[in-house]
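Please look over the sequence and the structure before reading on.

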Amino acid sequence: MMQIVRKRLSSTFLTLVVAAAALPKPRMNRSAPVHVFTYADHFSEDVCYLAATVEAAGGLLKVLGLREGRSFRLPWAERLEATLKPDEHVIYFNKLAFFKRALESAPAHHLVMFVDAFDVLFQRPLSYVAATYTRLAGAALVRRGRSRAAAAGAVPPEDWPVIFAGQKSCCPFPFGETAPNVLNSMDNGARNCEYHGNIRYPCQDPRGLQGREVCDLWRSREARRDLYTAGGVEMKFVFPNSGTYVGTAGAVRRVLRRMFDLHHATFEIDDQALLQVLLLCNRTLGLVDTAAELFYTLGMHDQFQELERPVCGETYFAAEGEGAEDAEGAGFFKAGRPPRVFASWDNRYASIPAVLHFDGMGSKMTHRDVCWKLFRKKGVMRVNRRNGANCTFYDVDAQTLMRATHLQT
């Protein structure tokens, strides 16, 4: 049984003090909080657990779509639905539309973050997210020849790159010549890959970009230079994941507008396909967190080669993490320090990401429930509070602060 307590707030995205503070303009602030958004067209315990970990990280989760998600239709929906294959779902595109609308009036210098609703947990503070984003995006600006402007804080917020989670799968495209197609068959099916492999997308090249070329290009030398946060060695998480990303509101707004432009040109609704093509054709828009410093996508997880300790085992949170700080000057939860992720094949890169994303059915079935139990046991998700609230979040559609109480699994 669950009860929802509503509290109407007059504050909007721009003035909601309890959600997060804005970054001072125009210079990035390494310790500023982050506005965290998600999209869910229905409420479940998954959303509550995400909200609880966002609160532990120092923020308030903002949920899009709870009131309008299921009834929402794009203005061109009839034409769009006539082009869909039977297994395609508009919901994956709806989250882009809702987030784009939520950011329309947001100050460009705010830091915003989007995460999927039903398979994500936070394990580090948002202060670490802000500091790490500033470092990685600033380094990219230096590589792109804007070092002086970045140092002076003169780069417009919309020109900062958006950083997307990296993953092993090139879904929904076929791998081509660089890796065995067995990886794709594990994750999204050969028929779907073949369908997208035959599409030609508009790109800066007059010939366009053939879908079957996408995966090879993501593993190319040019992609390592322009699109990887760490590109000096062979990395594991080289393909972008559209379910978790962070950037300035101005930069995210620009990316979403470009994704809609690409959608209008192709009527592609797969957000993964739109993102991969967009970044390859516009290489200053974003980066992939190839070193897993912000996000760890557990799809195709290798428990022996990727983590220094098992996923959400009894020793997952090391005691030495309590009260400690890392190179970013950001601490860990009181539960302790999560294990390092080895993101390169030679283990040269080891990081402790802020977000766990249980992407793919196998990851959800194997790890998500186990991590829920551990996070509750360690006090990261405080589900038995004195006021009876299991989680608190902000319903953007209703502009209402919500408290879920008496939530039972």
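Helix α10 is followed by Phe267, whose phi is positive, near 60°; helices here (H or I, at least four residues) and strands (E, at least two) are DSSP runs, numbered from the N terminus. The model is predicted, so that local features need pLDDT of at least 70 and side-chain atom pairs count only at pLDDT 80 or more, whereas totals for chains, interfaces and linings use all residues. Residues are numbered from 1 along each chain as its sequence is written, and side-chain values use heavy atoms, with hydrogens and water left out.

**Helix α10**
- Helix α10 covers residues 249-266, and its end C-alpha atoms are 26 Å apart, which agrees with the 26 Å that its 18 residues should span at 1.5 Å a residue, the expected span being 1.5 Å times one less than the number of residues.
- The buried residues of α10 include Ala249, Arg253, Arg254, Phe260 and His263, where buried means under 20% relative accessible area, exposed over 50%, and partly exposed in between (1.4 Å probe, protein chains only).

**Strand β6 and its partners**
- Strand β6 (residues 162-167) is largely enclosed by the rest of the structure, because 6 of its 6 residues are buried.
- With strand β10 (residues 286-289), β6 pairs in the parallel sense over 4 bridges, and the bridge partner of Val162 in β10 is Gly286; two strands pair if DSSP finds at least two bridges between them.
- With strand β9 (residues 239-248), β6 pairs in the antiparallel sense over 5 bridges, and Ala165 stands opposite Asn241 in β9.

**Cys193**
- Cys193 lies in helix α7 (residues 190-197) and counts as buried at 3% relative accessibility.
- The C-alpha atoms of Cys193 and Arg212 are separated by 8.5 Å, with the two residues 19 residues apart along the chain.
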